[in-house]
Amino acid sequence: MSKAEIDALTAEFFGAFDNRGGKPADVSRLRRLLLPEAVIVITRPEFTVSTLDEFIEPRERLLADGRLTEFSEWETSERTEIAGDLACRVAEYRKSGLMNGEPYEGGGVKTLQYVRTPGGWRISSFAWYDHP
């Protein structure tokens with residue numbers, strides 16, 4: 001059952017950024033999916049370590065102010081290891097949308113770490129890089 005729960009949690013994570021068809025992205029749902037103390041690391045284009053709130057705020061703005069529209073991202077492959085109440089996933093992903101009205105596409109790798117809490121699986125940290 002744990003793998004199915006982690007798959008569903010991960011799909012909901014990727015779906016938080018979706019604003020296709022004019023619907024608003026629900027980036028704030030990350031507060032429910034991640035631990036409040038989660039660590040978020042971007043390695044490229046600029047190395048950045050963020051708290052959950054530092055990560056959410058600029059993405060909410062970007063996905064709501066009309067600069068990035070018709071956006072979605074999705075896993076193309078994944079490998080998940082589960083050890084008791086801990087899990088780690090390495091996922092290749094793609095993304096696409098319109099940035100300032102122009103086609104925008106990319107992809108990269110994300111690693112997500114999960115812990116089983118009394119309330120179910122949550123993401124404790126994630127890191128990623130986009131392919132150049």
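Let me begin with two residues, Phe 14 and Tyr 93, both of which are buried, where buried means under 20% relative accessible area, exposed means over 50% and partly exposed lies in between, with a 1.4 Å probe and protein chains only. What you see is a predicted model, in which local features need pLDDT of at least 70 and side-chain atom pairs count only at pLDDT 80 or more, while totals for chains, interfaces and linings use all residues. Residues are numbered from 1 along each chain as its sequence is written, and side-chain values use heavy atoms, with hydrogens and water left out.

How many aromatic pairs are there? The count comes to nine aromatic pairs, with rings of Phe, Tyr and Trp (its six-membered ring) taken as paired if their centres lie within 6.5 Å, and with planes under 30 degrees apart called stacked, over 60 edge-to-face and the rest tilted. One of these pairs is Phe 14 with Tyr 93, which is tilted, at 6.1 Å centre to centre and 45° between the planes. Because Phe 14 lies in helix H1 (residues 2-15) and Tyr 93 in strand S4 (residues 86-99), the pair ties together parts that are 79 residues apart in sequence; helices (H or I, at least four residues) and strands (E, at least two) are DSSP runs, numbered from the N terminus.

Phe 55 and Trp 128 have ring centres 5.8 Å apart and planes at 80°, so this pair is edge-to-face. It links Phe 55 in helix H3 (residues 52-64) to Trp 128 in strand S6 (residues 120-130), 73 residues apart, and both residues are buried. Phe 14, Tyr 93, Phe 55 and Trp 128 belong to one aromatic cluster, together with Phe 13, Phe 17 and Phe 126.

Turning to charge, Lys 110 lies over the face of Tyr 93, 4.7 Å from the ring centre, and its charged end also sits over the ring of Trp 128, 5.1 Å from the centre; the rule asks for NZ of Lys or CZ of Arg within 6 Å of the ring centre and within 35 degrees of the ring normal.

Finally, the backbone. Most residues other than glycine have a negative phi, and most peptide bonds are trans. The peptide bond from Arg 44 to Pro 45, however, is cis, with omega near 20°, and Pro 45 is found in the loop between S1 and strand S2 (48-50). Asn 100 has a positive phi, near 50°, is found in the loop between S4 and S5, and counts as exposed because its relative accessibility is 56%.
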